[in-house]
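Here is a short report for a reader new to this structure. It starts with charged pairs, then turns to the sheet, the aromatic rings and the confidence.

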Amino acid sequence: MNVLVTGSTGFIPSHLVQKLVDLGHTVIGTTRKENIQSTRKIDYWICNLTNPYHVKNLFCYEFSHIFHFAANPLTDLSKTTIKDIYDSNLGITLNLLNHTSNCKFVYASSVTIYDDLDLWKGADEKCLPKPSSVYGATKLASEAAILALARRKNMEPLILRYAAICGPGSTHGAIHDLYKKYKQEEKVQVIGTNPGTRKPYLYIDDAIEATTKLAFSDKTGIYNVANNDSLSIESILKIIKGELNVNKEEIWSGETWFGDNPTVNVDTTKIFKDIEWKPSFNSSEAVKKTIQSYENKREENYLLTDFT
């Protein structure tokens with residue numbers, strides 16, 4: 001059974017690819033990395049999905065499932081541009097939909113599509129979307145395109161709204177950034193005001209289990225994928241200090257970037273009920289295991305270049 005995974009060498013999809021192979025699937029994975037080798041079970045396609053001709057060539061295969069993860073994940077416009085977010089998120093989705101039919105289309109969306117007030121109260125899948133970032137807006141627009149074309153294209157749409165996912169190989173986000181700062185800075189610069197933003201953190205193994213259980217079930221529609229507890233930035237700092245056995249001075253900036261969600265609480269009743277899925281690790285355990293994975297990579301001397 002052929003499955004397509006876009007952005008296949010990214011953090012979440014690289015773990016998904018390995019799980020799909022373990023389940024017996026043949027994976028066609030798109031990537032922009034040029035020094036990656038295909039295997040008997042994984043056929044990597046080096047391509048630019050913003051180019052419609054590159055996308056068209058992929059469909060020489062027939063796919064039972066498409067897992068669409070390729071995206072620009074940045075919400076901070078000081079680090080990217082509106083056009084790049086649009087092209088890499090909504091643009092790629094539309095390019096894929098031009099050629100997709102007769103399969104299950106699994107889309108990696110985000111809880112950033114919700115309003116800040118709903119996220120504070122505990123957003124469920126029925127909440128009216130109101131994104132506060134360009135990233136969230138392009139994710140929501142992609143969701144709408146998928147759902148609008150599902151019947152016409154004979155697709156089974158599955159929209160997964162992920163909250164923060166962490167684990168080995170994660171290279172952006174609060175945990176990764178704060179770990180780097182504790183390794184590199186004498187006085188650690190922290191964005192925001194103490195205790196900082198509060199969000200749920202889900203370990204990558206739990207996220208992949210939820211993804212594959214839903215994808216290979218008869219379930220369609222929209223699901224939140226998140227942990228059922230949350231952590232503040234202050235709590236993450238305490239875990240990092242404990243794991244590294246260091247205690248450095250922290251300087252809080254007093255402000256954050258436009259579009260950052262100050263509090264994220266996500267209602268996960270639907271996914272727990274429909275597939276009887278529950279995370280194996282709470283948010284604290286997920287963060288701790290992530291920091292330990294970073295430290296283990298340092299010791300084993302194949303550290304990701306982002307950390308050096």
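Glu250 and Lys241 form a salt bridge, with their closest N and O atoms 3.1 Å apart. The term salt bridge stands for a side-chain nitrogen of Lys or Arg within 4 Å of a carboxyl oxygen of Asp or Glu. Glu250 is partly exposed, with a relative accessible area of 23%. Lys241 counts as buried at 18%. Here buried means under 20% relative accessible area, exposed means over 50%, and partly exposed lies in between (1.4 Å probe, protein chains only).

This is a predicted model, in which local features need pLDDT of at least 70, side-chain atom pairs count only at pLDDT 80 or more, and totals for chains, interfaces and linings use all residues. Residues are numbered from 1 along each chain as its sequence is written, and side-chain values use heavy atoms, with hydrogens and water left out.

**Salt bridges**

How many salt bridges does the structure hold? There are six. Three of them are set out here.

| Pair | N to O distance |
|---|---|
| Glu250 and Lys241 | 3.1 Å |
| Lys83 and Asp87 | 2.6 Å |
| Lys183 and Glu295 | 3.1 Å |

Lys83 and Asp87 share helix H3 (residues 82–97). They sit four residues apart, about one turn of the helix. Helices (H or I, at least four residues) and strands (E, at least two) are DSSP runs, numbered from the N terminus. Lys83 is exposed at 58% relative accessibility. Asp87 is partly exposed at 23%.

Lys183 and Glu295 form another salt bridge, at 3.1 Å between the closest N and O atoms. This pair links distant parts of the chain, 112 residues apart. Lys183 belongs to helix H6 (residues 174–184), and Glu295 to helix H10 (residues 283–300). Lys183 is partly exposed, with a relative accessible area of 34%. Glu295 counts as buried at 19%.

**The sheet**

Strands of a sheet pair through backbone hydrogen bonds, either parallel or antiparallel. Which order do the seven strands of the open sheet follow? The order is E3-E2-E1-E4-E5-E6-E11, and the pairing is parallel. Two strands pair if DSSP finds at least two bridges between them. Strand E3 (42–46) and strand E11 (221–225) stand at the edges. Each has a single partner strand, so one side of each is left without a neighbour in the sheet. Neighbouring strands are turned by 20 degrees against each other on average, direction ignored.

Strand E1 (residues 2–6) has four of its five residues buried, so it is largely enclosed by the rest of the structure. E1 pairs with strand E2 (residues 26–31) in the parallel sense over four bridges. Asn2 has Thr26 as its bridge partner in E2.

Strand E6 (residues 156–162) runs parallel to E11, and five bridges join them. Ile159 has Ile222 as its bridge partner in E11. Helix H7 (residues 204–215) lies across strand E4 (65–68), strand E5 (104–110), E6 and E11. H7 runs at about 165 degrees to E6. For such angles, axes are lines fitted to C-alpha atoms, for helices over the stretch in contact, and angles run from 0 to 180 degrees between N-to-C directions.

Ser232 is found in strand E12 (residues 231–232). Ser232 is buried, with a relative accessible area of 3%. Leaving aside neighbours within four places in sequence, Ser232 is in contact (heavy atoms within 4.5 Å) with Pro195, Thr197 and Arg198.

**Aromatic rings**

Across the whole structure, a search finds eight aromatic pairs. Rings of Phe, Tyr and Trp (its six-membered ring) pair if their centres lie within 6.5 Å; planes under 30 degrees apart count as stacked, over 60 as edge-to-face and the rest as tilted. Phe59 and Phe63 form an edge-to-face pair, 5.7 Å centre to centre, with 85 degrees between the planes. Phe63 is buried at 8%. The rings of Phe272 and Trp277 have centres 5.5 Å apart and planes at 35 degrees, so this pair is tilted. Phe272 counts as buried at 17%, and Trp277 counts as buried at 0%. One aromatic cluster is formed by Trp45, Phe59, Tyr61 and Phe63.

**Confidence**

The mean pLDDT of the chain is 90, and 94% of its residues reach 70 or more. The pLDDT is the predictor's confidence in each residue, from 0 to 100. Over residues 299–308 the pLDDT is below 50. This stretch has 18 contacts in the model beyond near neighbours in sequence.
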